[in-house]
Amino acid sequence: MNEYDSNRIYDLMANIGFNKTNTKDEADCFLLNTCHIREKATEKVYHEIGRLKKSFKNSKKPLVIVSGCVAQAESEEMIKREPYIDMVIGSQSYHKIPDLVLNYERKKTKVSETDFDVIKKFDVLEKILTSQNKISSYLTIQEGCDKFCNFCVVPYTRGPEYSRPFRQIIDEAHILVSKGSKEITLLGQNVNAYNFYENKKNYRLSSLIRELNSIKNLERIRYTTSHPKDMSDDLIDCYKNCEKLMPFLHLPVQSGSDRILKSMNRKHNIKYYLDIIEKLRIINKNIKFSSDFIIGYPDESEEDYQDTIDLVKKVGFINSYSFIFSPRPGTPAANKKMNDLKISKKRLKNLQNILENFQFKSNKIYLDEFCEVLVENKLSGQNKFFGRTRFMTPVIFVSDKCKNGDIINVKINSFNQNNLFGFHKINNNEKAA
Ligand code: SF4
């Protein structure tokens, strides 16, 4: 989502005459769009500002803005701690950046703006043309979260769940497609909680997918990140008859133990999770899954950990993210007693080996086969292209004739854990995997 936000912030800044530069020393303004999910996110921002201060030691100080979730969480404390920062702007207030910058240029008064003004934000953004012209684009449809998992900062930094108006999203999708996008990933912290009412009609994520499915020239639809609790039947049904919806779902589970899920306040148990997987597999036998795992959550026992391993083996996730629990200040889990770090590290390593094995096996299936790839870009300085399979796996390949945005069949001749490698010839007529 930060990538989407950064693009929109750029569009707003371009409106008042700022352009991107790749030459750091030339910059009149630095804007750090921050994420609070990562460990020690706040400290990393201060280190970055420290580096900036050093490189501008002998020249005119640039305007320094910190935006995003760290700004939201820390607010004016940031300016007090590091006076080199001029503005702190929260993730739901960034539409105000142009006015705040112009105002700062006149008055030189430090600014801290962290209101949850999400409705206004999207109303303003609707009027600013997007500069995104990528083959694969992001489109935010929903922000915030009402679930309050005990380990997570999102409900505090992004605020309550908010769904953008249905028409506004569809209009933005049409603009992206007219600028060349072939794939759209719908974004939200709880994307499948999307819920918008207008004229007595209720629009859900399934309504958006069905509408996008009918857009000519759009080839692929994805969405992230989903909560198991919101995998409703109407959404599951989309995998039956929306041919542009890719058969790959990132569905975070966090733990395979019901006891730990309860302690995390996840609002689902393992039976419920596995039932969703089963329903999806019945509707579309090709669907594949990835997930997120937290290892070493407070009070995780060996038995809880083994439940996670059992779940991983049962589902066979093809690509997942796994981390050792680290407390986020202000969240309920931050006050709990930490597990033994040595044990957690050992457990994480073992889990990651199993996950990597599944990923490796899933890539091996493609060896000497053709697979359908959406071409995203040519690699700079090489006669190679980059694209992705229907399951998001990166493919690097040689081609005698293809262009960005094409959907082609690539013959795979090698692979590693993360990537597939192959070649494409214009007469590849074989059926893709
Ligand atoms: S559902 Fe996701 S975003 Fe919401 S609190 Fe839980 S982990 Fe955070």
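## The β15–β16 hairpin and its neighbours

In the hairpin formed by β15 and β16, five residues lie between the strands, and G381 adopts a positive phi near 75 degrees. The structure is a predicted model. β15 and strand β16 (residues 384-388) are paired in the antiparallel sense through four bridges, and K378 has F385 as its bridge partner in β16.

Strand β15 (residues 370-378) is also joined to strand β18 (residues 407-415), by five bridges in an antiparallel arrangement. In this second pairing, E372 stands opposite N409 of β18.

Strand β2 (residues 63-68) has six of its six residues buried, so the rest of the structure largely encloses it. In a regular strand, side chains alternate between the two faces of the sheet. In β2, L63, I65 and S67 point one way, while V64, V66 and G68 point the other way, and all are buried.

Which strands pair with β2 in the parallel sense? One is strand β1 (residues 29-34), which is joined to β2 by six bridges and runs parallel with it; here F30 has V64 as its bridge partner. Another is strand β3 (residues 87-89), which pairs with β2 in the parallel sense over three bridges, with S67 standing opposite I89.

How many salt bridges does the structure hold? The structure contains 31 salt bridges. One of them is formed by the side chains of E3 and K134, at 2.8 Å from N to O. This pair links distant parts of the chain, with E3 in helix α1 and K134 in the loop between α6 (118-126) and β5 (136-140), 131 residues apart. E3 is partly exposed, at a relative accessible area of 37%, and K134 is likewise partly exposed, at 40%.

A salt bridge also connects K61 and D86, whose closest N and O atoms are 2.6 Å apart. K61 lies in the loop between α2 (41-55) and β2, and D86 in the loop between α4 (77-81) and β3, so that the pair links distant parts of the chain, 25 residues apart. Is K61 buried or partly exposed? K61 has 34% relative accessibility and counts as partly exposed, whereas D86, at 3%, counts as buried.

## A buried pair within a network

R220 and E183 form a salt bridge in which the closest N and O atoms are 4.0 Å apart. R220 belongs to strand β11 (residues 220-224) and E183 to strand β8 (residues 183-187), so the pair ties together parts 37 residues apart in sequence. R220 is buried, with a relative accessible area of 0%, and E183 is buried as well, with 2%.

These two residues belong to a network of salt bridges that links E183, R220, R222, E372 and R390. Through E372, which stands opposite N409 in β18, the description returns to the strand pairing of β15 and β18.

## Charged residues in loops

On the surface, D25, E26, D28 and E105 gather in a patch of negative charge. Where in the structure is E26 placed? E26 is in the loop between α1 (2-14) and β1; this residue is exposed, with a relative accessible area of 53%.

K267 is placed in the loop between α11 (258-264) and α12 (270-283) and counts as partly exposed, at 39% relative accessibility. The C-alpha atoms of K267 and V70 are separated by 27 Å, the two residues being 197 residues apart along the chain.

Definitions and conventions
Residues are numbered from 1 along each chain as its sequence is written. This is a predicted model: local features need pLDDT of at least 70, side-chain atom pairs count only at pLDDT 80 or more; totals for chains, interfaces and linings use all residues. Side-chain values use heavy atoms; hydrogens and water are left out. Buried means under 20% relative accessible area, exposed over 50%, partly exposed in between (1.4 Å probe, protein chains only). Helices (H or I, at least four residues) and strands (E, at least two) are DSSP runs, numbered from the N terminus. Two strands pair if DSSP finds at least two bridges between them. Patches are made of residues with over 30% relative accessible area and no salt bridge: like charges are joined within 9 Å, nonpolar side chains (Val, Leu, Ile, Met, Phe, Trp, Tyr) within 5 Å. Accessible areas come from the Shrake-Rupley method with a 1.4 Å probe; for residues, only the protein chains shown count as cover. Lys and Arg count as positive and Asp and Glu as negative; His and the chain ends are not counted. The place of a charge is taken as NZ of Lys, CZ of Arg, CG of Asp or CD of Glu.
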